[in-house]
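Hi,

Here's the structure I said I'd pass on. Have a look at it first, then read my notes below.

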Amino acid sequence: MTIRKALTIAGSDTSGGAGLQADLKTFQELGVFGMTALTVIVAQDPHNGWFHEVFPIDVAVLEKQLETVLTGIGVDATKTGMLGTTELVELAARKIEQFQLKNVVVDPVMICKGADEALHPEIAISLREVLLPRATVATPNLFEAGILSGIGALKSVDDMKEAAKRIHDFGTSYVVVKGGSKLQHDHAVDVFFDGQSVEVLESERFDTSFTHGAGCTYSAAICAELAKGNSVRGAVSVAKDFITEAIRHSFALNQYVGPTNHGAYRRSKQA
């Protein structure tokens, strides 16, 4: 039996719905063996309205983790999530280059869901100049795509299309701009750009605030499918279906947050 392996270089969401926890659940659901390199720890304060606190990992510690996986085991696909500091972004980019990694999904996480501003604005520059040129697929949400593209707030599908084209110009082979719940549209809309043509991807939209970890899950599903040998377009299609079912069956975890349901896609296929 061939074991397909995927690595997530991402933060730990202590509440379990996003970050590398969401990535590992998604990898498992799609039949891929998941490995991790921890970049930051995110804790939520139940005494202060679930305020997010972010604790970056030392660069040397991340490098040891990457050495374990990349030298000691090997991977079929890799994704990055929250990197937290420019030094961590630069290290991830160096390792992608050093090991000539293929099937690299960059989810350019700049903000925790529920937070009001980017973690570190200078990270956008590092992502644009250092990491995106090494990405197979970039999967920014509306906020991230607006920052990376220089457009600012994206308010329409046309804005998303233009942002996707500009992000592609940084060297990324494919771009998926995730519309998410903040885009005013009758459907859940994403934009896919392959360098030649723009495609609008639509699925059912759900009236729910239980979407914690949706972006991480979407990008992780793309990564898992690439690890299995699927094409980029095919991987995005599976990921779109995966996140649609995960949000359809999302649930309240407590009074502050509700995560997507990572087992919903598999159960829908078994029904």
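Let's begin with a question: in which helix is Asp-158 found? The answer is helix α6, which covers residues 157-168. Keep in mind that this is a predicted model.

So is Asp-158 buried or exposed? Its relative accessibility is 56%, and the cut-off for exposed is over 50%, so Asp-158 counts as exposed. Now look across to Val-200: it sits 42 residues away from Asp-158 along the chain, yet the two C-alpha atoms are separated by 10.0 Å.

His-168 is in helix α6 too. Its side chain reaches the backbone oxygen of Ser-173 at 3.4 Å. Leaving aside residues up to four places away in sequence, His-168 touches Ser-173, Tyr-174, Val-175, Phe-193, Asp-194 and Gly-195.

Some of those names come back in the hairpin. Strand β8 (residues 188-193) pairs with strand β9 (residues 198-203) in the antiparallel sense, over 6 bridges. Phe-193 stands opposite Val-198 in β9. There are 4 residues between β8 and β9, and Gly-195 in that turn has a positive phi of about 95 degrees.

Phe-33 belongs to strand β2 (residues 33-45). With a relative accessible area of 47%, Phe-33 is partly exposed, because that label covers values between 20% and 50%.

Happy to chat about any of this once you've had a look.

Cheers

Note on methods: Residues numbered from 1 in each chain as written. Predicted model: local features only at pLDDT ≥ 70, side-chain atom pairs only at ≥ 80, totals over all residues. Heavy atoms only, no water. Helix = DSSP H or I, 4+ residues; strand = E, 2+ residues; numbered from the N terminus. Buried < 20%, exposed > 50% of the residue type's maximum accessible area, 1.4 Å probe, protein only. Pairing = 2+ DSSP bridges. Polar contact = N/O pair within 3.5 Å; in protein donor to acceptor, adjacent residues only side chain to side chain. Contact = heavy atoms within 4.5 Å.
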